[in-house]
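Student: I am new to this structure. Could you walk me through it?

Tutor: Gladly; let us look at it together.

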Amino acid sequence: MRIEDELVDLEKGGWRVLSTSGQAAEIFYRHVLDGSPVMMLPGGLTLAGRDAIVRSMSGQPWSFYEMGELHVLRPTDDVGVVAYDVIANREDMTYEALVSSHYVRRNGSWKLFFHQQTPR
């Protein structure tokens, strides 16, 4: 499998688990998160560290999501960025954002070290 496909599969896997249950998301992100990740989310919310990010996964699952215009950047052999737009629904809320997830390869596995969402 191409590295670009691996990174896209990881990103799609995150949305898949966020559309099932908080427990599934916690399990997935405990495996995928790097040692000291940071997430910058709408409303000025910044989450830093594995435990804070995993605790945040217990929210209401998304009922629908669609990712579009996926771009994979490879600034170095061991760094990958997946950038895209997303539209998602949860209960009576529709969410649209521009998203970027930054991965680093450690010991042969891709780990998420930075994630940012900019609302549209």
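Student: Which residues touch the most other members of the largest nonpolar core?

Tutor: They are Tyr 29, Met 39 and Tyr 103, out of the 27 residues in that core. Helix 1, helix 2, strand 1, helix 3 (50-55), strand 4, strand 5 and strand 6 each give two or more residues to this core.

Student: What makes a set of residues a nonpolar core?

Tutor: The members are buried Ala, Val, Leu, Ile, Met, Phe, Trp, Tyr and Cys residues, joined through side-chain atoms within 4.5 Å. Buried means under 20% relative accessible area, exposed means over 50%, and partly exposed lies in between, with a 1.4 Å probe and protein chains only.

Student: Before we go on, where do these values come from?

Tutor: This is a predicted model, in which local features need pLDDT of at least 70 and side-chain atom pairs count only at pLDDT 80 or more, while totals for chains, interfaces and linings use all residues. Residues are numbered from 1 along each chain as its sequence is written, and side-chain values use heavy atoms, with hydrogens and water left out.

Student: What does Tyr 103 touch?

Tutor: Leaving out residues up to four places away in sequence, Tyr 103 touches Leu 7, Leu 10, Glu 11, Val 32, Asp 78, Val 79, Gly 80, Val 82, Trp 110, Lys 111, Leu 112 and Phe 113. A contact here means heavy atoms within 4.5 Å.

Student: Why is Val 104 called buried?

Tutor: Val 104 has a relative accessible area of 11%, so it falls under the limit for buried. Val 104 lies in strand 5, and its C-alpha atom is separated by 4.5 Å from that of Val 79, 25 residues apart along the chain. Beyond four places in sequence, Val 104 touches Asp 34, Asp 78, Ser 109, Trp 110, Lys 111 and Phe 113.

Student: Is Asp 34 buried or exposed?

Tutor: Asp 34 is buried, because its relative accessible area is 10%. Asp 34 lies in strand 1, and its contacts beyond four places in sequence include Arg 50, Val 104 and Arg 106.

Student: Why is Asn 107 called exposed?

Tutor: Asn 107 has 83% relative accessibility, so it counts as exposed. Asn 107 is in the loop between strand 5 and strand 6, and it has a positive phi of about 50 degrees although it is not a glycine.

Student: What about Glu 69: buried or exposed?

Tutor: Glu 69 counts as exposed, because its relative accessibility is 61%. Glu 69 belongs to strand 3 (residues 64-76), and its phi is near 45 degrees, a positive value in a residue other than glycine.

Student: What makes a run of residues a helix or a strand?

Tutor: Both are DSSP runs, numbered from the N terminus: helices are H or I with at least four residues, and strands are E with at least two. The protein has three helices and six strands, in the pattern α-α-β-β-α-β-β-β-β along the sequence.

Student: How do you know that the protein agrees with a compact globule?

Tutor: With 120 residues, a compact globule would have a radius of gyration near 14 Å, and the protein has 14 Å, so the two agree. The radius is taken over C-alpha atoms, and the globule rule is 2.2 Å times the number of residues to the power 0.38.

Student: What is the volume of the largest pocket?

Tutor: The volume is about 570 Å³. Of the 32 residues that line this pocket, the closest to its centre are Leu 18, Leu 41, Trp 62, Arg 90 and Gln 117. Helix 1 gives the largest share of the lining, six residues.

Student: What makes it a pocket, and how is its volume defined?

Tutor: On a 1 Å grid over the protein atoms alone, a pocket is an open set of points where a 1.4 Å probe fits, with protein on both sides within 12 Å along at least five of seven lines; lining residues have an atom within 4 Å of a point. Grid points are joined across faces, edges and corners, and the volume is the space filled by probe spheres set on the points.
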